[in-house]
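Here is a set of exercises to work through with the model open beside you. Try each task before reading its solution.

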Amino acid sequence: TLRKPISQSSMADWASKNLNMHTQGIFRRRISISNMLSWNGGSIKKPMLITSNRTIKKEACEMFKLVQSYMGDRQTRLDRNHVALVTVTKCWSMQGLRDELYIQLIRQTTDNMCYRSLAWGWELMAISLAFFSPSPKFQSYLEGYIYRHLDSDENIAQRIKELVDLKNKKNSKSRKKRKQNTEDEGLPISTYAKYCYRKLQKVAVTGGKKGLRKPTVEEITHARNAILTPSLFGSSLEEIMLRQQDMYPGNKLPWVQTQLSQQVLALGGEQTEGIFRIPGDIDEVNALKLQVDQWRIPSSLSDPNIPASLLKLWYRELEEPVIPQQFYKECISNYENPDAAVAVVQLLPELNRLVLCYLIHFLQIFAQPSNVGRTKMDVNNLAMVMAPNCLRCQSDDPRVIFENTRKEMSFLRMLIVHLDTSFIKGLL
């Protein structure tokens with residue numbers, strides 16, 4: 001979980017300590033913090049943030065041009081997808097550039113008089129948060145900035161009008177004017193801010209894109225589309241069921257859950273040693289995730305560890321765990337009592353109960369002695385790898401976490417051994 005957003009005065013204090021103050025004119029006068037953090041139509045000659053890394057110093061200035069290109073404030077031959085790809089890949093490859101990108105986006109979305117440019121700046125921030133998080137040092141600053149824009153649409157429209165009027169007065173005798181665009185084009189800024197706020201909460205915990213393969217254009221497009229169309233990963237069960245209503249109106253279970261589970265079995269997962277324990281190739285898991293989010297299961301899959309890893313990820317990334325937080329204490333209190341453990345399941349909301357029962361029914365296949373001989377994954381091992389994906393301990397105390405982990409595993413083991421899930425066959 002994130003800390004409470006820092007106040008504006010704290011953000012100013014942070015900026016004074018971390019910004020690499022720029023100068024202007026022949027007398028090299030220092031630019032004020034407010035100007036350092038306001039939209040700039042020109043280029044920069046040094047990074048926004050203090051750094052001693054020469055490579056970062058050089059790349060930061062080039063990246064600022066890319067940010068301007070994506071926002072439509074600088075001409076480029078590349079289309080916006082490729083501009084985003086180059087920008088994101090630089091930061092994904094060089095950790096030291098990540099905070100620099102976020103502070104540049106904060107600058108270019110502050111006092112920006114062109115609504116379209118402003119929206120595209122927020123869009124690039126949303127795309128970037130799909131791939132990497134800011135550093136812990138910068139995280140609260142970025143969160144504070146995003147937080148201030150959650151309900152800011154009227155203020156933004158008023159601020160743009162004020163800036164345009166001021167600029168027109170100054171430039172009344174000049175022919176050279178930046179093209180103004182104060183009309184609302186596309187999404188309200190608050191839509192981007194709300195998405196970025198939720199995305200920051202998740203990426204701060206997960207750390208963003210993993211694996212050795214660099215970001216792809218497909219992943220960039222997917223990250224942009226996710227702003228309006230929530231992913232099947234990281235959403236709530238209710239959102240997922242709502243999304244699939246048009247395509248699979250008769251389904252009582254999430255399509256992603258049943259499809260990935262069936263793929264594991266179709267590829268012989270119940271006869272594969274270390275299933276659910278041995279992770280699938282991370283880049284192949286990422287590729288499958290993209291396709292599943294487009295409601296497709298490729299026919300080329302051959303390794304059951306790939307859909308098995310993605311299935312675990314789907315459970316783990318649910319906005320709220322399969323067993324909602326309000327039932328957590330009851331679960332760990334009844335980790336040794338089979339009847340009480342089964343009774344907790346009956347108390348769950350209907351959708352959560354069905355999703356959990358389907359998972360337990362699925363795990364019961366692997367717990368059969370004939371399969372355990374091959375997989376080396378008995379009921380204890382299955383409970384150990386799956387419990388963290390179903391229950392989430394909220395404590396920060398390592399001792400409590402350690403103690404509860406044992407109870408979570410025991411609770412799930414009780415369900416695998418004792419829960420009657422025979423009714424699930426009638427749902428499929």
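## Exercise 1: An aromatic pair in a helix

Phe138 and Tyr141 are about one helical turn apart, because they stand three residues from each other in helix H7 (residues 136–147). Helices (H or I, at least four residues) and strands (E, at least two) are DSSP runs, numbered from the N terminus.

This is a predicted model, in which local features need pLDDT of at least 70 and side-chain atom pairs count only at pLDDT 80 or more, while totals for chains, interfaces and linings use all residues. Residues are numbered from 1 along each chain as its sequence is written, and side-chain values use heavy atoms, with hydrogens and water left out.

Task: find how many aromatic pairs the whole structure holds, then classify the pair of Phe138 and Tyr141.

Solution. 
- Step 1. Apply the criterion: rings of Phe, Tyr and Trp (its six-membered ring) pair if their centres lie within 6.5 Å; planes under 30 degrees apart count as stacked, over 60 as edge-to-face and the rest as tilted.
- Step 2. Searching the whole structure gives eleven aromatic pairs.
- Step 3. Phe138 and Tyr141 are stacked, with 5.5 Å from centre to centre and 25° between the planes.
- Step 4. Both residues of this pair, Phe138 and Tyr141, are buried (under 20% relative accessible area; exposed is over 50%, partly exposed in between; 1.4 Å probe, protein chains only).
- Step 5. Elsewhere, ring pairs join Tyr248, Trp255 and Trp295 in a cluster.

## Exercise 2: Charges over rings

Task: identify which rings lie under Arg80 and Lys209.

Solution. 
- Step 1. Look for NZ of Lys or CZ of Arg within 6 Å of the ring centre and within 35 degrees of the ring normal.
- Step 2. Arg80 lies over the face of Trp120, 3.9 Å from the ring centre.
- Step 3. Lys209 places its charged end over the ring of Trp92, at 5.7 Å from the centre.

## Exercise 3: Leu142 and the cores

Solution. 
- Step 1. Beyond its neighbours within four places in sequence, Leu142 is in contact (heavy atoms within 4.5 Å) with Tyr102, Ile106, Met125, Leu129, Pro134 and Leu200.
- Step 2. A nonpolar core is a set of buried Ala, Val, Leu, Ile, Met, Phe, Trp, Tyr and Cys residues joined through side-chain atoms within 4.5 Å. The largest has 67 residues, and Leu142 and Tyr141 are among those with the most contacts inside it.
- Step 3. Another core, of 64 residues, lies apart from it and includes Val355, Leu382, Met414 and Ile416.
- Step 4. As background, nonpolar side chains tend to be buried together in soluble globular proteins.
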